[in-house]
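This briefing is intended for reading alongside the sequence and the 3D view. Please keep both at hand while going through the points below.

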Amino acid sequence: MCGRRSALIVQLVMRSILINTGTELLLGDVQDAHLAFIAREILPLGLRIDERRTVPDSDVIRRTLTELFPHCEMLFVTGGLGPTTDDITREMVAESLGLELYQDPQLLAWLQERLQVRGIKWTSGIARQADVLAGARVLPNENGSAPGFYLKANINPRLPSPHVFVLPGPPRELQPMFKKFAMPILKSIIEVPLRVERRSYSIAGMGESLVEKAIGEKVLAIPGVELGYCARPGEVEVRVIGDPNAIQAADAIIRGELGLSIFSDNDETLEEVVVRLLKQRKQTLATAESCTGGLIANHITNVSGASEVFLAGYVTYANSAKNDVLNVELKLIDKNGAVSEAVARAMAEGARLRAASTFGLATTGIAGPTGGSDEKPVGTVYIALASGNSETVAKKFVFPTDRETFKQLAAQAALDLLRRRLLKE
């Protein structure tokens, strides 16, 4: 779970609200990608998204705009600027502000030329994208056909309103438009932005409560710092926000208390860190997975450039496969059980030898919900790491949870074991 554990002491410049339009968002067909992007872009200006609303393509847009106008100084509206009948955001904003819509001949000519070049047949609905709100500044769309708009605060003297940015729905259109055209406007509005900085730290091998125990009171004792946590399977994100001097003080505490448990401070995933470290050392990896079913290999191969360091992944679920593929002796399995430190070690060593890699990383465990015992309860997993220049190490973990979460936790623990080893190389 994610949350903020302190009140924000930094005074923000303007209250900002985001409205996402689109029935598809409320049906679950599409996930919102705008909140995270816009929030990160505006934070250096001292702006925060104080509230986010998601509304359908209906008259609810107009009612929501009217409701929120008195409660913010900055309003971002996304989606509903296309050529189809459900794209009504442009009209709803115009009605809410009491502004006329007119067809811009330059925009219309640009649209016609754009479609002709692309060989797209012209339809009457496309012309709607050339409609402009009176008094609005057009934000060009260099990656699509629907322009965005900026409307200054109180653009209609009879209707008090905030600064309004109306932006297209597709992220590949919104994001470059926002950076190139909306941000300069925002910077001109906020002539002396507050110096606000945000840093995040990804922590492996520690639960959220332990992380908070280690750093919480010390960081919160720094004036002007907001501290938050977000827990995911196998990792915790620590987030601090404040002025640069306060963030520097918080950084010293977090690094001093958490140390090697911090695997990233720049949003790298654990697998990205592992691939980067392997590349730097010109070392290679092979995996041998039983209970994780290839999830470690999947994580690694999701990283661009993994082919330089990842040689092979063996999913040896059955005991016979452990013997045939990795040369794990059946008598070793019979004596210790497939879920054991001895078998995990043998799997890691077998993978390394077969692939001729620098490291062999192995998992064997009981994902559940059945198959456990008093000695080896559901959630038990052994993770082993083999290398050519040192003794194979193995660790036991117990993750009593559902199968999918168990696999994720085991995969993260395995990658973290390798990461820590690479940092000692």
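Helix 3 (residues 60–68) lies across strand 2 (15–21), strand 3 and strand 4 (74–78), and its direction runs at about 155° to that of strand 3. The model is a predicted one.

- Strands 2, 3 and 4, which helix 3 lies across, belong to an open sheet of 6 strands with the order 3-2-4-9-8-7.
- The pairing in this sheet is mixed.
- Strand 3 (48–55) and strand 7 (137–139) form the edges, each of them pairing on one side only.
- From one strand to the next, the twist averages 20°.
- Strand 8 (residues 148–151) and strand 9 (residues 163–167) run antiparallel and are joined by 3 bridges.
- Within this pair, Leu 151 stands opposite Val 164 of strand 9.
- Helix 4 (residues 89–97) also packs on the sheet, where it touches strand 2, strand 4, strand 8 and strand 9.
- The direction of helix 4 makes about 10° with that of strand 8.

**Helix 9 and helix 14**

- Two packed helices are described by the angle between their axes and the distance between the axes.
- For helix 9 (residues 270–281) and helix 14 (residues 403–424), the axes come within 10 Å and cross at roughly 30°.
- Because angles under 35 degrees count as roughly parallel, helix 9 is roughly parallel to helix 14.
- The crossing of these two helices is left-handed.
- Helix 9 contributes Leu 270, Glu 271, Val 273, Val 274, Leu 277, Leu 278 and Arg 281 to the contact.
- From helix 14, the contact is made by Gln 412, Leu 415, Asp 416, Leu 418, Arg 419, Leu 422 and Leu 423.
- Sorted by class, the residues of this contact are 9 nonpolar, 1 polar and 4 charged.

**Backbone features in loops**

- Lys 282 lies in the loop between helix 9 and strand 14 (285–289).
- Phi of Lys 282 is near 55°, a positive value in a residue other than glycine.
- Lys 282 has a relative accessible area of 78%; it is therefore exposed, the cut-off being over 50%.
- Ala 356 is found in the loop between helix 13 (341–355) and strand 16, and its phi is also positive, near 60°, in a residue other than glycine.
- With a relative accessible area of 63%, Ala 356 is exposed.
- A cis peptide bond joins Gly 368 and Pro 369, with omega at about 5°.
- Pro 369 has its place in the loop between strand 16 (359–365) and strand 17 (380–387).

- Val 393 is placed in strand 18 (residues 390–398).
- The relative accessible area of Val 393 is 33%, so this residue is partly exposed.
- Apart from neighbours within four places in sequence, Val 393 is in contact with Arg 345, Ile 383, Ala 384 and Leu 385.
- Arg 232 is 161 residues from Val 393 along the chain, and the C-alpha atoms of the two are separated by 26 Å.

Technical notes
Residues are numbered from 1 along each chain as its sequence is written. This is a predicted model: local features need pLDDT of at least 70, side-chain atom pairs count only at pLDDT 80 or more; totals for chains, interfaces and linings use all residues. Side-chain values use heavy atoms; hydrogens and water are left out. Axes are lines fitted to C-alpha atoms, for helices over the stretch in contact, and angles run from 0 to 180 degrees between N-to-C directions. Helices (H or I, at least four residues) and strands (E, at least two) are DSSP runs, numbered from the N terminus. Angles under 35 degrees count as roughly parallel, over 145 as roughly antiparallel, 65 to 115 as roughly perpendicular and the rest as oblique. A crossing is left-handed if the near helix is turned anticlockwise from the far one by less than a right angle, and right-handed if clockwise. Contact means heavy atoms within 4.5 Å. Ala, Val, Leu, Ile, Met, Phe, Trp, Tyr, Cys and Pro count as nonpolar, Asp, Glu, Lys and Arg as charged, and the others, Gly among them, as polar. Two strands pair if DSSP finds at least two bridges between them. Buried means under 20% relative accessible area, exposed over 50%, partly exposed in between (1.4 Å probe, protein chains only).
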